[in-house]
Amino acid sequence: MDHRRLMTEAIDLTRHTRPHPNPRVGAIVLDAAGSVVARAVHEAPGYEHAEALALASAGESARGGTVVVTLEPCNHAGLTPPCTEAILSSGVSSVVIGARDPDTRVDGSGIARLRAAGIEVVEDVAPAEVEAVDPAYFHHRRTGRPLVTLKWAATLDGQAAAADGTSQWITSVESRLDAHVLRADSDAIVVGAGTLIADDPALNVRIPDYEGPEPMPIVVAGRRPLPTGARLWGRGAEIYAPMPLAIDQEVTVLPGPGGVDLAAMVGVLGARGVVSILVEGGPTLAGALWRLGLIDRIVVYLGAVVAGGVGRTVLDGVWETLGDARRGEIVVVERLGPDIKFVFVPGGE
Ligand SMILES: NC(=O)c1ccc[n+]([C@@H]2O[C@H](COP(=O)([O-])OP(=O)(O)OC[C@H]3O[C@@H](n4cnc5c(N)ncnc54)[C@H](OP(=O)(O)O)[C@@H]3O)[C@@H](O)[C@H]2O)c1
């Protein structure tokens, strides 16, 4: 049996699922002769887990067969019963696992339970590939913090907006569609008060025929009064502010240097089970998050356009000396229509 090929297929099944705060999981069931008899993914919290769903669909044909599952089966009851029970009662004789689940409620206990019951377990078949389709889940479960992605669109000469605040649109329709996929993959989107006031953004997912979850909008407020008629209020946006505000929205007060205590805000969101955050600007908020070391990766869309002068740079703040710059790795380079997209992951200090 080609474990790696089957695992790649199971991983591919999960690419378009959005089950946060749960992980993306795919499962394939083979009968005793090695033929595929069922495939399934975990769609959303409260829905059946992938391996339980695939085994239910395989029924008696799973007996003596194999389950190939991207993530270690859970051994605890949550919104659904433990997956190890579904595996044991199905009568399969072996389980092939892509990666261990770092969630402290699992972390090897699912594997131990299966082995103790006499099931043959092949583990760690493709840990890097499984993590690559759902980096936010692994990051959240290891650190307790959401994966924070900063996104910006810029001119080739590094400007995020003109001096008069106009920035729509620096990039092409192709880049903007890609950015909507980023939104769809995020649990929350954060903007600063400046962007709220300048752009009145909707921050929703605008992909044709999209029916998945919408990210929760979050506004980082400061000293200026917020507009009462902003479009985000209709979407139930949450506000983080350095002081209490007289506004008809949920406000979390977290005072810190320079306004909101941003590290505390990220911590609060992680503790609430928010697995991924997309920061959509502007330069003041983005620069502050960057200097605090709170950004885990940056997605850059570079438009085929030159501003020809300084308007608003992508990150506000002063670059004092070369040693302050942080190097890292560009892990993705992609052409999107006339534009270029980069994904940058900062390295160690
Ligand atoms: N090209 C792009 O990708 C892109 C993306 C987004 C926005 N933009 C553009 O960026 C411009 C707005 O950017 P901006 O820099 O003025 O505003 P911003 O970064 O969206 O918001 C910054 C404001 O957030 C508040 N704040 C509270 N706590 C803070 C903290 N700890 N650190 C930093 N800010 C804190 C402050 O409000 P108070 O001032 O009220 O105290 C601060 O001025 C617009 O022109 C928009 O079009 C471009």
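## A walk from the first helix to the ligand

Helices (H or I, at least four residues) and strands (E, at least two) are DSSP runs, numbered from the N terminus. Residue numbers start from 1 along each chain, following the sequence as written. The model is predicted, so local features need pLDDT of at least 70 and side-chain atom pairs count only at pLDDT 80 or more, while totals for chains, interfaces and linings use all residues. The peptide bond that leads from His20 to Pro21 is cis, with omega near 10 degrees.

Now step back to α1 itself. This helix has 12 residues (residues 3–14), which at 1.5 Å a residue should span 16 Å, and the 17 Å between its end C-alpha atoms agrees with that. The expected span is 1.5 Å times one less than the number of residues. Which residues of α1 are buried? They are Met7, Ala10, Ile11, Leu13 and Thr14. They lie on the same side of α1, because they cover an arc of only 150 degrees around the axis; the arc is taken from the directions between the helix axis and the C-beta atoms. A residue is buried if 20 or more other C-beta atoms lie within 10 Å of its own, exposed if 12 or fewer, and partly exposed in between, with C-beta atoms placed from the backbone. The cover over the buried residues of α1 includes β1 (26–30), β2 (36–41), β3 (66–71), β4 (94–99) and α5 (127–133), where contact means C-beta atoms, placed from the backbone, within 7 Å.

In the loop between β5 (120–122) and α5 you will find Asp124, whose phi is positive, about 55 degrees, although it is not a glycine. Asp124 counts as partly exposed because it has 13 C-beta neighbours inside 10 Å. Asp209, in the loop between α8 and β9 (216–220), also has a positive phi, near 65 degrees. Is Asp209 buried or exposed? Asp209 is exposed, with 4 other C-beta atoms within 10 Å.

Finally, turn to the ligand. Of the 31 residues around it, Gly192, Gly194, Gly222, Gly259 and Gly282 come nearest; a residue belongs here if its C-beta atom, placed from the backbone, lies within 6 Å. Elements giving two or more residues to this shell include β8 (188–192), α8 (193–199) and α10 (283–291). The largest share, 5 residues, comes from α8. Gly282 lies in the loop between β14 (276–279) and α10, and the peptide bond from Gly281 to Gly282 is cis, with omega near 0 degrees.

Terms used: Contact = placed C-beta atoms within 7 Å.
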